[in-house]
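I opened my notebook to keep track of what I look up, one entry at a time. Here is the model I am working from.

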Amino acid sequence: MKIKTPFNFLAFIIIITFVSCDNLVVKKNPNAGKNDKLIAQADIPVEENKNLTISEVLSYDIAFSKLNEIIKSSEFAEKFEGKKSYTVFAPLNGAFSKLPKATLESLTKEENKESLSAILNCHIIPGTINEQDIIKAINEGGGSVKLRTLGGTRLIASRKRGKIYLIDKNGNAGRLMKTDIEATNGMIHTLETVMLPKK
């Protein structure tokens, strides 16, 4: 029986490695440009998102694709590019999937801009608030605190088993998933449920 030399074995490993790398390239996200850096579930590396605006962070990650589409059809696209700071409770794609399909499709229509703004306003707080700020306010509030959003709606923030939950005026509750995603003009916390204005 012919025994392979270490050199032949090494050559075999190198060939396999190149083939594997080619397969990885083929499986890359088909979107072009900066979408090459897209990573699901809003897990953007700290060194990257510190140099991005809120708008850019939301465009960066496919976990925000539905929210990003809605924002682009609103006045917030420009606001999130500016220097004024905001804290955004950003619903992930799964949060929008919980909404009735007809509701989701109608949000970007021209005639529903007012309703769209009202919904987006339920997720935005002026200034920068991190997770520890929210926890501190909850503790000082005896277990819950009301957060006033940009649109004047108040969300109730509370903690359960170490997780922060937000509740809107309709009783919809959503857990903050990934917190403290920094941007040059604010902070983003991902949310599993869409907050809605009072019916």
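Contact, in these notes, means heavy atoms within 4.5 Å. I am looking at a predicted model, where local features need pLDDT of at least 70, side-chain atom pairs count only at pLDDT 80 or more, and totals for chains, interfaces and linings use all residues. Residues are numbered from 1 along each chain as its sequence is written, and side-chain values use heavy atoms, with hydrogens and water left out.

**Entry 1: Ser 55**

I started with Ser 55, which sits in helix H3. Helices (H or I, at least four residues) and strands (E, at least two) are DSSP runs, numbered from the N terminus. Is Ser 55 buried or exposed? Ser 55 counts as buried because its relative accessibility is 11%; buried means under 20% relative accessible area, exposed over 50%, and partly exposed in between (1.4 Å probe, protein chains only). Setting aside neighbours within four places in sequence, I found Ser 55 in contact with Asn 68, Ala 77, Phe 80 and Glu 81. With Glu 81 there is also a side-chain polar contact of 3.3 Å. A polar contact is a pair of N or O atoms within 3.5 Å; within protein, one must be able to donate a hydrogen and the other to accept it, and residues adjacent in sequence count only if both atoms are side-chain atoms.

**Entry 2: the cores**

Next I looked up the nonpolar cores, meaning sets of buried Ala, Val, Leu, Ile, Met, Phe, Trp, Tyr and Cys residues joined through side-chain atoms within 4.5 Å. The largest core has 29 residues, and Ile 54, Leu 58, Phe 80 and Ile 188 touch the most other members. At least two residues each come from H3 (54–60), H4 (65–72), S1, H6 (93–97), H8 (113–121) and S7. H3 gives the largest share, 4 residues. Apart from this core I found another, of 15 residues, including Cys 122 and Leu 155.

I then checked Ile 188 by itself. Not counting residues up to four places away in sequence, Ile 188 touches, among others, Ile 54, Leu 58, Val 88 and Ile 181.

**Entry 3: the open sheet**

Which order do the strands of the open sheet take? I read S2-S1-S8-S7, 4 strands with mixed pairing; two strands pair if DSSP finds at least two bridges between them. At the edges are S2 (124–126) and S7 (181–183), each pairing on one side only. From one strand to the next the twist averages 20 degrees; axes are lines fitted to C-alpha atoms, for helices over the stretch in contact, and angles run from 0 to 180 degrees between N-to-C directions. S1 (residues 86–91) pairs with S2 in the antiparallel sense over 3 bridges, and Tyr 86 stands opposite Pro 126 in S2.

**Entry 4: helix H9**

H9 covers residues 131–140, and its buried residues are Ile 134, Ile 135 and Ile 138. They are on the same side of H9 because they cover an arc of only 100 degrees around the axis; the arc is that of the directions from the helix axis to the C-beta atoms. On the face turned away from that side I noted the exposed residues Gln 132, Lys 136, Asn 139 and Glu 140. The buried residues pack against S1, S3 (144–148), S4 (154–160), S5 (163–167) and S8 (186–191). At the start of H9, a side-chain oxygen of Asn 130 comes within 3.1 Å of the backbone nitrogen of Gln 132. Just after H9, Gly 142 has a positive phi of about 80 degrees.

**Entry 5**

S3 and S4 run antiparallel, joined by 5 bridges, and Leu 147 stands opposite Leu 155 in S4. The two strands form a hairpin with 5 residues between them, and Gly 152 in the turn has a positive phi of about 90 degrees. Gly 152 counts as partly exposed because its relative accessibility is 30%.

**Entry 6: Thr 193**

Last, I went to Thr 193, in the segment after S8. Which side chain does Thr 193 meet in a polar contact of 3.4 Å? That is the side chain of Lys 98, and the C-alpha atoms of the two are separated by 7.7 Å although they are 95 residues apart along the chain. The backbone oxygen of Ala 173 lies 3.1 Å from a polar atom of the Thr 193 side chain.
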